[in-house]
Amino acid sequence: EQIMKGNYDHFMKKEIHEQPDAMTQTMRGRVVFEPDGKTVQRVFIGGMVDYLSTIRRSRRIILCGCGTSYHSAIAIRSLMEELTELPVTLELASDVLDRQCPFFRDDSIIFISQSGETADTLRALEYAKSKGALCIGIVNVVGSAISRATDCGIHINAGAEIGVASTKAYTCQITAMVLLTLALSEDSRSLHDRRMEIMRGLADLPDNMRRALELDQQMLSLAKTLVNENSLLLFGRGFNYATALEGALKVKEVALLHSEGILAGEMKHGPLALVDDTLPLVVIATRDSSYVKQKSVIEQLRARDARCILIVGENDDSLDQYACGKDMIIRVPEVADCLQPLINIVPLQLLSYHLTVLRGHNVDQPRNLAKSVTVE
Ligand code: G6P
């Protein structure tokens with residue numbers, strides 16, 4: 001086991017740092033470059049070619065999974081809606097069965113699972129097949145039950161993930177679904193410029209991720225200031241609502257610290273009542289179409305003396321005045337808006353890792369949790 005961990009103390013840390021290479025593996029053979037080796041020409045996903053037109057003709061796309069895999073569904077939803085121009089809805093796998101969701105023959109349903117063995121997701125998949133829907137898998141483990149039972153899909157090729165808290169599978173799932181979304185929209189002329197922007201962003205993504213990993217020491221310092229807290233709230237919106245949810249899940253499941261991810265647009269509808277000068281808050285405010293609204297959220301929080309930790313673009317110093325201390329402003333590399341969640345989650349993964357070590361908890365096997373939940 002020690003050999004497998006290499007120079008790292010824990011699998012979680014190793015897997016966080018493997019993300020740039022894992023993401024490269026997700027894209028390998030699927031992102032086709034121009035002869036210059038830098039410009040992306042097109043996206044080609046062998047296993048999906050025969051199914052793309054069926055998905056384009058479906059009445060809607062449904063994304064389904066549990067835990068972190070469900071958060072990757074939230075992260076891709078808006079881009080998938082934008083580029084496919086289809087309605088994209090989300091389902092937690094266990095809820096599909098509880099509600100006996102109305103699924104139809106002309107639905108395309110994407111099942112997302114790192115292990116490919118999660119019982120709730122597998123049962124939802126069997127249910128969807130019985131309704132005649134097209135079932136697509138986004139799976140890491142080759143040969144797993146979900147990868148075998150789906151009609152088609154993409155293996156994310158992230159390599160073995162051992163830490164119970166999912167890290168590299170999350171970013172590789174989103175990357176694989178960005179590729180799928182680009183493949184689904186390749187014939188659109190009106191989306192040409194937008195697609196090119198995203199493809200250029202994909203080519204630079206592993207390097208930008210490497211730079212985000214350099215935040216490690218700052219996240220250790222920040223974790224030291226938060227180690228004795230009882231609660232941490234994270235606010236995100238738009239592309240980064242998923243980042244808030246996934247960051248909170250990491251803090252909760254490994255650091256055993258109560259944490260909630262909140263859609264910033266909902267702040268006034270309840271969470272604001274919790275805000276005072278003691279509760280630490282993380283606000284994700286990288287530049288995208290919701291930046292102005294997010295700035296206004298920060299102003300309202302600061303008006304209540306909130307302890308704000310801000311995640312901002314590295315070239316943006318206009319929010320510095322709102323952060324409470326030097327370690328409280330986290331500067332991340334700036335990438336295309338829809339790819340920004342892949343970068344923004346990195347400091348939060350590092351923060352949850354350091355909080356766990358400092359609080360003396362088991363990093364790779366948090367109490368009561370299992371890597372793969374094979375019972376309903
Ligand atoms: C368990 C794990 C989570 C994981 C979820 C879904 O709850 O502890 O880390 O996100 O299952 O797992 P899957 O293998 O289907 O992605």
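## Met23 in helix 3

Met23 is a residue of helix 3, which spans residues 19-27. The model described in this report is predicted. Met23 counts as buried because 24 other C-beta atoms lie within 10 Å, and the cut-off for a buried residue is 20 or more.

Which residues does Met23 touch, not counting residues up to four places away in sequence? They are Thr171, Cys172, Thr175, Leu205, Pro206 and Met209. Met23 can also be placed relative to Glu197: the two are 174 residues apart in sequence, and their C-alpha atoms are 18 Å apart in space.

## Helix 5 and helix 9

Helix 9 comprises residues 168-184, and its axis is 9 Å from that of helix 5. The two helices pack at an angle of about 20°. Helix 5 and helix 9 are therefore roughly parallel to each other, since angles under 35 degrees are counted in that way. The crossing in which helix 5 passes helix 9 is right-handed.

On the side of helix 5, the contact involves Thr68, Ser69, His71, Ser72, Ala75, Ile76, Leu79, Met80, Leu83 and Thr84. On the side of helix 9, the partners are Ala169, Tyr170, Gln173, Ile174, Met177, Val178, Thr181 and Leu184. Sorted by class, the contact of helix 5 with helix 9 contains 11 nonpolar residues, seven polar residues and no charged ones.

## Helix 5 and helix 12

Helix 5 (residues 67-84) also packs with helix 12 (residues 241-255). Their axes come within 8 Å and cross at roughly 165°. This angle makes helix 5 roughly antiparallel to helix 12, because the cut-off for that description is over 145 degrees. The crossing of helix 5 and helix 12 is left-handed.

Helix 5 contributes Thr68, His71, Ile74 and Ala75 to this contact, while helix 12 contributes Tyr241, Ala242, Leu245, Glu246 and Leu249. What classes do the residues of the contact of helix 5 with helix 12 divide into? Six are nonpolar, two are polar and one is charged.

## Helix 12 and its end

Helix 12 consists of 15 residues, and the span from its first C-alpha to its last is 21 Å. This is close to the 21 Å expected at 1.5 Å a residue. Because 14 of its 15 residues are buried, helix 12 is largely enclosed by the rest of the structure. Just after helix 12, Leu256 has a positive phi of about 50°.

## Helix 10 and helix 14

Helix 10 covers residues 192-213, and its axis comes within 9 Å of the axis of helix 14. The axes cross at roughly 20°. Helix 10 is thus roughly parallel to helix 14, and helix 10 passes helix 14 in a right-handed crossing. The residues of helix 10 that make the contact are Leu205, Asn208, Met209, Ala212 and Leu213, and those of helix 14 are Leu342, Ile343, Val346 and Pro347. In the contact of helix 10 with helix 14, eight residues are nonpolar, one is polar and none is charged.

Helix 14 (residues 340-358) has 19 residues and reaches 28 Å from its first C-alpha to its last, close to the 27 Å expected at 1.5 Å a residue. Is helix 14 mostly covered or mostly uncovered? Helix 14 is mostly covered, with 17 of its 19 residues buried.

## Glu161 in a loop

Glu161 belongs to the loop that lies between strand 7 (152-155) and helix 9. Glu161 counts as buried because 25 C-beta neighbours lie inside 10 Å. Apart from neighbours within four places in sequence, Glu161 is in contact with Glu15, Gln114, Asn140, Ser166, Lys168 and Ala169. Between Glu161 and Ser72, which are 89 residues apart along the chain, the C-alpha separation is 16 Å.

Most residues other than glycine have a negative phi. Glu85, however, has a phi near 55°, a positive value in a residue other than glycine. Glu85 is located in the loop between helix 5 and strand 4 (88-92). With 13 C-beta neighbours inside 10 Å, Glu85 counts as partly exposed.

Asn368 is not a glycine, yet its phi is positive, at about 70°. Asn368 is found in the segment after helix 14. Is Asn368 buried or exposed? Asn368 is exposed, because 7 other C-beta atoms lie within 10 Å, and the limit for an exposed residue is 12 or fewer.

Methods:
Residues numbered from 1 in each chain as written. Predicted model: local features only at pLDDT ≥ 70, side-chain atom pairs only at ≥ 80, totals over all residues. Axes fitted to C-alpha atoms, helices over the stretch in contact; angles between N-to-C directions. Helix = DSSP H or I, 4+ residues; strand = E, 2+ residues; numbered from the N terminus. Parallel < 35°, antiparallel > 145°, perpendicular 65-115°, else oblique. Left-handed = near helix turned anticlockwise from the far one by under 90°. Contact = placed C-beta atoms within 7 Å. Nonpolar A, V, L, I, M, F, W, Y, C, P; charged D, E, K, R; others polar. Expected span 1.5 Å × (residues − 1).
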